[in-house]
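These are my notebook entries on a single chain, set down in the order in which I looked things up. The structure is shown first, and the entries follow.

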Amino acid sequence: MARVILLDPADRILLLHGFEPADPGRDWWFTPGGGLEPGESREQAALRELAEETGITDVELGPVLWHRYCAFPFDGRRWEQDEWYFLARTRQTETVLGGLTELERRSVTGTRWWTSEELSAAHETVYPTRLAELFRKLLDEGPPGAPVVLAPEIV
């Protein structure tokens, strides 16, 4: 999977708001991204998924920041994902949820740009769970020289 840590000119990060279709009270925030299509590179998937999920196409894709494995139940099945998180920047801050898949239409309610301070103070569930800390470190130190392997998250 290719995921995107998208920053705007004010260094805010874009997250999507989602929920369990069978239990809308179980909700969380997460980064844009998704699976690779046949023959597609991770970079191509990151840009395609970002455009489909947010309508944002004016993007400068940067390096891979993090890599993690996660597994979780969602929509009646178990998901296992090998995720690569790309840094990206944009000047385009208006989002449009126009290209969502059927499952995404049933489980995504919108987007929000977050400052590091807002994310650190949030009481909502955010994935990956250490995103506030990772985001702060990214802003303070810049991208790592090589992708950082994050601890697996198994739910």
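This is a predicted model: local features need pLDDT of at least 70, side-chain atom pairs count only at pLDDT 80 or more; totals for chains, interfaces and linings use all residues.

**Entry 1**

As a general remark, nonpolar side chains in soluble globular proteins tend to be buried together.

I took Ile13 for a contact list. Leaving aside residues up to four places away in sequence, Ile13 touches Ile5, Leu6, Leu7, Arg112, Trp113, Trp114, Leu119, Leu131 and Phe135.

**Entry 2: strand E1**

I checked burial along E1 and found six of its six residues buried, so that the strand is mostly covered. Ala2, Val4 and Leu6 point one way, Arg3, Ile5 and Leu7 point the other way, and all are buried. In a regular strand the side chains alternate between the two faces of the sheet.

Which strands pair with E1, and in what sense? I found E1 antiparallel to E4, over two bridges, and parallel to E6, over six bridges.

**Entry 3: strand E2**

How many of the eight residues of E2 are buried? I counted eight of the eight, so E2 is largely enclosed by the rest of the structure. From E2, Ile13, Leu15, His17 and Phe19 point one way, and Leu14, Leu16, Gly18 and Glu20 point the other way. All of these are buried.

For the neighbours of E2, I recorded strand E7 (residues 108-114), which runs antiparallel to E2 and is joined to it by six bridges. Within that pairing, Leu16 has Thr111 as its bridge partner. E2 also pairs with strand E3 (residues 23-30), in the antiparallel sense and over five bridges. There the bridge partner of Phe19 is Asp27. E2 and E3 form a hairpin, with two residues between the strands.

**Entry 4: helix H1**

I computed the span of H1 (residues 42-54). Its 13 residues reach 18 Å from first C-alpha to last, close to the 18 Å expected at 1.5 Å a residue. Which residues of H1 are buried? I listed Ala45, Ala46, Arg48, Glu49, Leu50, Glu53 and Thr54. What covers them includes strand E1 (2-7), strand E2 (13-20), strand E4 (33-34), E5, E6 and helix H2 (102-107). After H1 comes Gly55, and I noted that its phi is positive, near 80°.

**Entry 5: aromatic pairs**

How many aromatic pairs does the count give? It comes to five. Among them, Trp66 and Tyr85 form a tilted pair, 5.7 Å centre to centre with 55° between the planes. This pair links distant parts of the chain, since Trp66 lies in strand E5 (residues 59-74) and Tyr85 in strand E6 (residues 77-90), 19 residues apart.

I then looked up the burial of both partners, taking under 20% relative accessible area as the cut-off. Trp66 counts as buried because its relative accessibility is 4%, and Tyr85 counts as buried because its value is 1%.

A further pair is that of Phe74 and Trp79: the ring centres are 6.2 Å apart and the planes stand at 55°, so this pair is tilted. Phe74 also counts as buried, at 11% relative accessibility. Trp28, Phe74, Trp79 and Tyr127 form one aromatic cluster.

**Entry 6: charges over rings**

I closed with arginines placed over tryptophan rings. Arg77 lies over the face of Trp79, 3.6 Å from the ring centre. The charged end of Arg112 sits over the ring of Trp114, at 3.7 Å from its centre.

Terms used. Residues are numbered from 1 along each chain as its sequence is written. Side-chain values use heavy atoms; hydrogens and water are left out. Rings of Phe, Tyr and Trp (its six-membered ring) pair if their centres lie within 6.5 Å; planes under 30 degrees apart count as stacked, over 60 as edge-to-face and the rest as tilted. Helices (H or I, at least four residues) and strands (E, at least two) are DSSP runs, numbered from the N terminus. Buried means under 20% relative accessible area, exposed over 50%, partly exposed in between (1.4 Å probe, protein chains only). A charge sits over a ring if NZ of Lys or CZ of Arg is within 6 Å of the ring centre and within 35 degrees of the ring normal. The expected span of a helix is 1.5 Å times one less than its number of residues. Contact means heavy atoms within 4.5 Å. Two strands pair if DSSP finds at least two bridges between them.
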